[in-house]
Amino acid sequence: MSTETTTLPAATREIRLASRPHGRPVPENFQLAESALPELQDGQVLVRNQFISVDPYMRGRMNDVKSYSAPFELDHAMEGGAVGEVIASRSTERKVGDAVVHSLGWREYAVLDAAATSPIRTDLAPASAFLGALGMTGLTAWAGLLKVAEFKPGEVVFVSGAAGAVGSLVGQIAKAMGASRVIGSAGTPEKVARLLELGFDAAFNYHDGPVSELLQDAAGERGIDVYFDNVGGEHLEAALSALTVGGRVAMCGAIAQYNSTEPTPAPRNLMQAIGKQLTLKGFLVGGYWQHMAEFVESMAGWLADGTIRYDETVVDGLENAPQAFMDLLDGANTGKMLVRL
């Protein structure tokens, strides 16, 4: 058990949810505040956060509705993935200087049980990668493609939101595992160009026309075998038309609908799932933690030899975290959206 000899912080700045958004979040929904840090208890550590993760799923936690994750409380610090350095410890499991990942982001310092932190290996990749390619983001991509969609070598894969943190990894994992063709959609010409640089065989800007037509042009008569869905809406409808018999959909997200204030219609062609004997399976990454070690071993190898590359969009300063989140929902990021503290 140890602590630094220098003076430890007595308070932390944090971002609180000030009010619940109606539709698209606005700056007034957030508040930058300061709170006192509790004294360390036995088994606890004090972490100085270095990077915090900004993720689309957080939009759902801003609503006061029952979901798979508890809603954020008003006037309390928000939560999310973070990576940082232990600067004080009353635990035999963690020592000062350890690099760890945990779930008390949206603040500069966090006091938490050592058991609620996971050590990371910064010899494998920079610390920020453990919020992205080597963290929950990467596991989401890997498990969604291999365990949920049950991808097999030789298949054609379509990924929506493909320039995002998860989507860009899905496409590259599919190529590394032997996909015959990987297609991605994104929202700007620059993102489309980046997908081709990352090894996607085809990519299109969904603003250029009906998604169904753009996907059909990219897939050709062969169609697609697997659809990794980050967007929902028009993209899901298009994929249902392009899927082959026995095709599978891994339903990871529906960012096109997160800010909707009215119920969103289901795909109008859902009946195709019957004739084509399709499988549509929603999933949460929390159900696949048991594969983390296997995933990290694979991903670390791919990163080391350059098979897979990852992008980060980094915003500096805790006070800019709300804007980073709003920009994320508007598609302003390429790869993982992070806030550096």
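The model is predicted, so local features are considered only at pLDDT of at least 70 and side-chain atom pairs only at pLDDT 80 or more, whereas totals for chains, interfaces and linings use all residues. Residues are numbered from 1 along each chain as its sequence is written, and side-chain values rest on heavy atoms, with hydrogens and water left out.

**Nonpolar cores**

In soluble globular proteins, nonpolar side chains tend to be buried together. A nonpolar core is taken here as a set of buried Ala, Val, Leu, Ile, Met, Phe, Trp, Tyr and Cys residues joined through side-chain atoms within 4.5 Å, where buried means under 20% relative accessible area, exposed means over 50%, and partly exposed lies in between (1.4 Å probe, protein chains only). The largest such core holds 48 residues, and W142, L145, V157, I173 and M299 have the most contacts inside it. At least two residues each come from α2 (136-148), β9 (156-159), α3 (165-176), β10 (181-186), α4, β12 (224-229) and α8 (292-305), the helices being DSSP runs of H or I with at least four residues and the strands runs of E with at least two, numbered from the N terminus. Helix α2 gives the most to this core, with seven residues. With contact defined as heavy atoms within 4.5 Å, I173 touches A141, W142, L145, M299, W302 and I308, leaving aside neighbours within four places in sequence. A second, separate core has 21 residues, among them V211, A242, L243 and L278.

**Salt bridges**

Side chains of opposite charge can pair when their charged atoms come close. A salt bridge is counted where a side-chain nitrogen of Lys or Arg lies within 4 Å of a carboxyl oxygen of Asp or Glu, and a search of the whole structure finds 18 of them.

| Salt bridge | N to O distance |
|---|---|
| E85 and R48 | 3.7 Å |
| D55 and K336 | 2.5 Å |
| K152 and E155 | 3.6 Å |

E85 in strand β5 (residues 82-89) and R48 in strand β4 (residues 44-53) are 37 residues apart, and the pair links distant parts of the chain. E85 counts as partly exposed because its relative accessibility is 24%, and R48 is likewise partly exposed, at 31%. D55 lies in the loop between β4 and α1 (58-61) and K336 in strand β16 (residues 336-340), so this pair ties together parts that are 281 residues apart in sequence. Both D55 and K336 are buried. In the remaining pair of the table, K152 is partly exposed, with a relative accessible area of 44%, while E155, at 9% relative accessibility, is buried. Elsewhere, R13, E108 and E319 are linked in a network of salt bridges.

**Largest cavity**

The largest cavity contains about 70 Å³ of space; a cavity is a set of points, on a 1 Å grid over the protein atoms alone, where a 1.4 Å probe fits but cannot get out, and lining residues have an atom within 4 Å of a point. Of its 14 lining residues, G132, A133, Y310, D311 and K336 are the closest to the centre. Helix α3 gives the most to this lining, with three residues.

**Residue R194**

R194 is found in helix α4 (residues 189-197). Not counting residues up to four places away in sequence, R194 touches R309, D311 and T334.

Definitions and conventions: 1 Å grid on protein atoms, 1.4 Å probe; cavity = no way out; pocket = protein on both sides within 12 Å on 5 of 7 lines; lining within 4 Å. Points joined across faces, edges and corners; volume = space filled by probe spheres on them.
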